[in-house]
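Me: I would like to go through this model with you. Could we begin with the ligand and then turn to the sheet?
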Amino acid sequence: MSDIILTDKICKDYSLGTHTVHALVDVTLRVSKSEFLCIVGPSGSGKTTLLNMIGCLDVPTSGKVTMFGGYDTSQLDDRQTTLLRRDRIGFIFQSFNLLPVLNVLENVGLPLELQRVPRPEIEARVAALVEEVGLIEFARHRPDELSGGQRQRVAVARALITNPQLVLADEPTANLDHDTGMAVLELMLEMNRAHGTTFIFSTHDPKVMGIAKRIVTVEDGRIKEDRNVA
Ligand SMILES: Nc1ncnc2c1ncn2[C@@H]1O[C@H](COP(=O)(O)OP(=O)(O)O)[C@@H](O)[C@H]1O
Ligand SMILES: [Mg+2]
């Protein structure tokens, strides 16, 4: 079976003046289709750095990241990287990153606009997905008229609207209270089951990692533990 992601002994160094931060050290991670995986670790452990490598926002200092069974991320040019990100990966952020002047339908439809999908198809796909994430009655609301949990549901829909193979969520519950955060993760799990989309989310909160099927613990840039949850 082909892997969605394979990181092969990746290291990432940042130089800060005279000294070097080893943000990732020999990280080898293999992720298959339809996994629902949590990366957990304290602040500064390397979660964002690892997600940035997987999301093709950055390349490792050494080692190799292979995506979707064949793309070595360090070999892609800017245009190839942009297309890979646009068409195959959905992103969910801690701070939602919705456009304040657009309503729910418009925010969710934005990635399809970028793909130049015809307008009637955008409208149909967006309406179906907004219904699926439980926000149809808020369709014409702008982000500032929604709660934090509702905003993150919009972000989940926006990440999924292009039917990506992979969704990356960097601390998606960090700005939500526990129950609201869990509800957003439940929605992500539902979408994982319904669409077979691979999800990777990070958290520093051990209380929310229990929902994952696989938990990868990072500490000081290294994988400390990688376990499947029954
Ligand atoms: N752009 C950067 N420049 C220098 N150091 C960085 C940069 N980004 C992250 N780091 C350092 O790398 C380490 C891992 O950071 P990060 O991946 O953001 O951890 P986490 O997301 O788990 O909080 C930390 O020591 C952090 O200070
Ligand atoms: Mg982080």
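Me: Which element gives the largest share of the shell around ligand 1?
Reply: Helix 1 does, with 3 residues. This is a predicted model, in which local features need pLDDT of at least 70, side-chain atom pairs count only at pLDDT 80 or more, and totals for chains, interfaces and linings use all residues. Residues are numbered from 1 along each chain as its sequence is written, while chains are lettered from A and ligands numbered from 1 in the order in which they are written.
Me: Which residues surround ligand 1?
Reply: Among them are Tyr14, Val21, Gly44, Lys47 and Thr48, where near means a C-beta atom, placed from the backbone, within 6 Å. Strand 1 (3–16), strand 2 (19–32) and helix 1 (47–54) each give two or more residues to this shell. Helices (H or I, at least four residues) and strands (E, at least two) are DSSP runs, numbered from the N terminus.
Me: Now the sheet. What is the strand order?
Reply: The order is 2-1-4-5 in an open sheet of 4 strands, with antiparallel pairing; strands pair if DSSP finds at least two bridges between them.
Me: Why is one side of strand 2 and of strand 5 left without a neighbour in the sheet?
Reply: Strand 2 and strand 5 (71–72) stand at the edges and each has a single partner strand, so one side of each lacks a neighbour there.
Me: How many bridges join strand 1 and strand 2?
Reply: Their antiparallel pairing runs over 10 bridges. Thr7 has Leu29 in strand 2 as its bridge partner, and Leu6 stands opposite Arg30 in strand 2.
Me: What about the hairpin of strand 1 and strand 2?
Reply: The hairpin has 2 residues between the strands, and Gly17 takes a positive phi near 60 degrees.
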